[in-house]
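Hello,

Here is the structure we talked about. My notes on it follow below.

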Amino acid sequence: MVLKNDYNRSLKKPSAFKRFFSCWEFWLLCLPAIIYFILFAYWPMFGAVLAFKDYNYAKGIFGSDWVGFDNFKFFFLSQDAWRITRNTLGYAVVFLVTNTVASMAVALLMFEVSSRKAIKTYQTILILPHFMSWVIVGYITYILFNSEQGVLNQLLTVFGQEKIDWYSSPQYWPFILPIVNIWKSVGMSSLMYYATLVGMDDSIYEAAVIDGAGRWRQTISISVPSLIPMMTILTIMNVGGIFRSDFGLFYQITRDVGSLYPTTDVVDTYIYRGLRTGDVGITAAVGLFQSFVGLVLVVFTNWVVKKIEPDNAMF
Amino acid sequence: MKAKLRYRILIHLILILMCLSILVPFIYVISLSMTAEDVIVSGGYKMIPAEFDFSAYQSIFKNPTQLINSYKITIGFSVLGTVLSMVVMTMVAYAISREQFHYKKAVTFFVYFTMLFSGGLIPHYIINTKYLNLTNSFWVYIFPALANAYHILIMRTFFKGLPASLTEAAKIDGASEFTIFRVIVLPLSKPVLATVSLLTLLAKWNDWQTSLLYIMDTDKFSLQYLLQKILREAQFLQSMAEEGNLIISENYAKTKPVESMRFAMAILAAGPMMVVFPFFQKYFTKGLTIGAVKG
């Protein structure tokens, strides 16, 4: 009896050790990835304690002296704090709005085109910039904005206007950067909306035609409302990344010119410069602040998505 | 009927204008690479050159060592990096897709958490340079970006969707997990493997940040970083053309085609892949819809 009882118990609950090793095949498959993430993701995560330290190269990350919140204090009391926070959040919001409107508009336009060949051609061309690195886009903006030979200044001269030194006039960049951003991404992001429109039930449009609705009326009353759920989800999900910027856009397109910093310096470029100038502690603090805000935003937006559309929640 | 036609023309007009905004800059880059230097300096950037001049290309081909080095490095880390990444990522994605793996939830979270939180650039940089000694090393292009949590989760979701009966049958026949993975799951997953490997390849091909941060050695610059250097620093371009080239071509000494050489380099360095990638467009667009990731 006793023996049998023991046997039963061991069947129900094998020892943790045995359970662990019964999966050895799976562990072996996971091993390279686990080593990778420990070395290149989790170790740097613990390295973020640097934000609370006075970094000394010889002593290393974990040996340097603690300074509490001094790095954060220094940053938040500096003039940079307001500037880069405003720029980062400002551009993120502008990009979010302009991108959403532009990609919905492109999808709606595309939906009105009936020739398959034309659609294919437009899509292929519009997606082209997606395959370019920001360096290549930088070449193109340089052709436009170069003050001596640039195309825009040639146009200004033709119309009898003064030439503008674009790369030292920060006031224009809050308009230039969103346009460049749309130019690069609209082809790809409009595809999601286009797919939604194509997936719609034709009978709704047929019914509208019978009721005497024209194409414009159909677009406003059927197509646009059908894109709203997709728009809501995409927007909310993008809010999670609002405190992160595309380093390539802000570094390559502005050519990292100092006179443009007032309107183009964002958290990511600030951190990169800190690395170059050696302000390790303060920039590590900014980096940790960014990661922390990012984490809070992602968890929050996921909670919101879960309320609205549980299928789209990430966890 | 007339109104309808006008409406359609308007729509095509808008779309055509948008396409032109993308195509015209390319025409500029191509034309400028074939314009004589003095014409550019005096007349500015023009869409169509009055006469074609190939001295920029001639200067580059006189001493193409730098371009060839960057091509070798970029092809090397893009291909090797993509293959290694796919091996590492498919393996872990398979493991966490299997019901039989008791710890799949823990490992999934371990992978997923790296998407939510990061230590930031500074700790990454210090660990890669001071502790892992990756400065100026070829491996810095490969190891720090070996796996991507998002891509792992995409593949995990795809593997999960495969019919369970197939793997169960193999299990009953005594197949090991390795065999199931290699013989059953991978061959059935070609669409997702194509999409993820192309996304990885594109990211690696367009990588300039790694060189910016970790490479000082000119021989090891990636193509995109080489292009950035050329655009930013006229001197870099000149030294590149003159280096190891004791007798500078007469043509070069006369005109120093800095501007046109820039664009010629852009064509030579970025052109080939810009032509190739659009052919794989359908895999990239599939990547959008395939990414319905659930934790």
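**Helix H15 of chain A**

Helix H15 (residues 267-277) of chain A has these buried residues: Val267(A), Asp268(A), Thr269(A), Tyr270(A), Ile271(A), Tyr272(A) and Gly274(A). Buried means that 20 or more other C-beta atoms lie within 10 Å of the residue's own; exposed means 12 or fewer, partly exposed is in between, and C-beta atoms are placed from the backbone. Helices (H or I, at least four residues) and strands (E, at least two) are DSSP runs, numbered from the N terminus.

What do the buried residues of H15(A) pack against? They pack against helix H6 (79-112), H13 and helix H16 (280-308) of chain A, together with H6 of chain B. Contact here means C-beta atoms, placed from the backbone, within 7 Å. After H15(A) comes Gly278(A), with a positive phi near 90 degrees.

**Before you read on**

This is a predicted model: local features need pLDDT of at least 70, side-chain atom pairs count only at pLDDT 80 or more, and totals for chains, interfaces and linings use all residues. Residues are numbered from 1 along each chain as its sequence is written, while chains are lettered from A and ligands numbered from 1 in the order in which they are written.

**The two chains**

Chain A has 16 helices and 2 strands. Its radius of gyration is 27 Å, well over the 20 Å that the globule rule gives for 315 residues, so chain A is more spread out than a compact globule. (The radius is taken over C-alpha atoms; the rule is 2.2 Å times the number of residues to the power 0.38.) The C-alpha trace of chain A spans about 95 × 65 × 30 Å along its principal axes. Of its 315 residues, 34% count as buried.

Chain B has 16 helices and 0 strands. Buried residues make up 41% of its 295 residues.

**Where the chains meet**

The contact takes 64 residues from chain A and 68 residues from chain B. On the chain A side, helix H3 (residues 24-47) gives the most, with 14 residues. That side divides into 46 nonpolar, 13 polar and 5 charged residues. Nonpolar covers Ala, Val, Leu, Ile, Met, Phe, Trp, Tyr, Cys and Pro; charged covers Asp, Glu, Lys and Arg; the others, Gly among them, are polar.

**Cores**

A nonpolar core is a set of buried Ala, Val, Leu, Ile, Met, Phe, Trp, Tyr and Cys residues joined through C-beta atoms within 7 Å. The largest has 117 residues. Ala33(A), Val92(B) and Ile152(B) are among those with the most contacts inside it. Helix H4 (residues 65-97) of chain B gives the most to this core, with 10 residues. Another core, of 16 residues, lies apart from it and includes Ala102(A), Met110(A), Tyr122(A) and Tyr193(A).

Leaving aside neighbours within four places in sequence, Ala33(A) is in contact with Val88(B), Met89(B), Met91(B), Val92(B) and Ala147(B).

**Residues to look at**

- Tyr142(A) lies in helix H8 (residues 134-145) of chain A. It counts as buried because it has 21 C-beta neighbours inside 10 Å.
- Arg255(A) sits in the loop between helix H13 (247-253) and helix H14 (261-264) of chain A. Its phi is positive, near 60 degrees. Arg255(A) is partly exposed, with 15 other C-beta atoms within 10 Å.
- Tyr142(A) and Arg255(A) are 113 residues apart in sequence and 8.9 Å apart in space, C-alpha to C-alpha.
- Asn133(B) is in the loop between helix H6 (121-131) and helix H7 (149-160) of chain B. Its phi is positive too, near 55 degrees. Asn133(B) counts as exposed, with 11 C-beta neighbours inside 10 Å.

Best wishes

Terms used
Two residues are in contact if their C-beta atoms, placed from the backbone, lie within 7 Å.
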